[in-house]
Amino acid sequence: MKSVKNGRDGRTRIIEGALRRFSQDGVSATTLASLREESGVSVGSFYHHFASKEHVFGVLYGEILDAYQAAFLAELVRHDDARDGIEAIVAFHMRWAGEHPERARLLISERPPRKHEPGGAEVAEARRTFFRQVSDWWRPHMKNGHLQPVHATMCYVLWLGPAQEMCRLWFAGAHTPTEEEIAGLGEAAWQSLRQRGE
């Protein structure tokens, strides 16, 4: 049943409110009371949709991650050239963070739910599927001598680690990246991931 307030149902309002609160205050500092106040739902309505604050976070994190990964893969598969793909994803990451700062802040700043926590199993499975799909793009470039054979974790760190750090500075209000700097991050990622002699 739709709530009268803005025509949005209670679950949607809780998720939207949680995004604002978690992004601004962090998950640990956000209380259940502040979540209910932000979303404008009753105690009964909250517990109709979610069992706990952790449940809200698990669902929200999973939804954000799914959207980010889908957009990432859509961008990646547009590029047949290894260097173009590496650099395009860095630019995509920075663009996505700028367009979705609250969502990006949550992905960058908060620890993902663990497997035994609400949403954790779904997040773990989404990550496995995502890395498999990235590997499908990566493998031919590796075999052709363009990209290094690297473990998924190391690949992530070398590919997007500097961009993540730039996002943290950006979100903290310490520095707004320029187009030239974003291009430089893409170049740095390529230099880190290309096979020597490429």
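1. H7 gives the most to the lining of the largest pocket, with 8 residues. Helices here are DSSP runs of H or I of at least four residues and strands are runs of E of at least two, numbered from the N terminus. A pocket is an open set of points on a 1 Å grid over the protein atoms alone, where a 1.4 Å probe fits and protein lies on both sides within 12 Å along at least five of seven lines; lining residues have an atom within 4 Å of a point.

2. The model is predicted, so local features need pLDDT of at least 70 and side-chain atom pairs count only at pLDDT 80 or more, while totals for chains, interfaces and linings use all residues. Residues are numbered from 1 along each chain as its sequence is written, and side-chain values use heavy atoms, with hydrogens and water left out.

3. The protein has 9 helices and 0 strands. Its C-alpha atoms fill a box of roughly 65 × 35 × 30 Å along the principal axes.

4. The largest pocket holds about 660 Å³ of space; a volume is the space filled by probe spheres set on the points, which are joined across faces, edges and corners. The lining comprises 30 residues, and Arg127, Phe130, Phe131, Ala152 and Tyr156 are the closest to the pocket centre. At least two lining residues come from each of H4 (53–76), H5 (82–99), H6 (101–109), H7 (120–143) and H8 (152–171). By class, the lining has 21 nonpolar, 6 polar and 3 charged residues. Nonpolar covers Ala, Val, Leu, Ile, Met, Phe, Trp, Tyr, Cys and Pro; charged covers Asp, Glu, Lys and Arg; the others, Gly among them, are polar.

5. Two of the helices that line the pocket, H5 and H7, pack at an angle of about 140 degrees with their axes 10 Å apart. That angle makes H5 oblique to H7. Axes are lines fitted to C-alpha atoms, for helices over the stretch in contact, and angles run from 0 to 180 degrees between N-to-C directions. Under 35 degrees counts as roughly parallel, over 145 as roughly antiparallel, 65 to 115 as roughly perpendicular, and the rest as oblique. The H5 to H7 crossing is left-handed, meaning that the near helix is turned anticlockwise from the far one by less than a right angle (clockwise would be right-handed). Ala82, Gly85 and Ile86 of H5 meet Trp137, Trp138 and His141 of H7, where contact means heavy atoms within 4.5 Å. These residues divide into 4 nonpolar, 2 polar and no charged.

6. For H6 and H8, the axes come within 11 Å and cross at roughly 125 degrees, which makes H6 oblique to H8. H6 passes H8 in a left-handed crossing. Pro101, Ala104, Arg105 and Ile108 of H6 touch Gln164, Cys167, Arg168 and Phe171 of H8; by class this contact has 5 nonpolar, 1 polar and 2 charged residues.

7. H6 also packs against H1 (residues 10–25), at an angle of about 60 degrees and with the axes 9 Å apart. H1 and H6 are therefore oblique to each other, and their crossing is left-handed. Leu19, Arg20, Phe22 and Ser23 of H1 make the contact with Glu102, Arg103, Arg105 and Leu106 of H6. That contact has 3 nonpolar, 1 polar and 4 charged residues.
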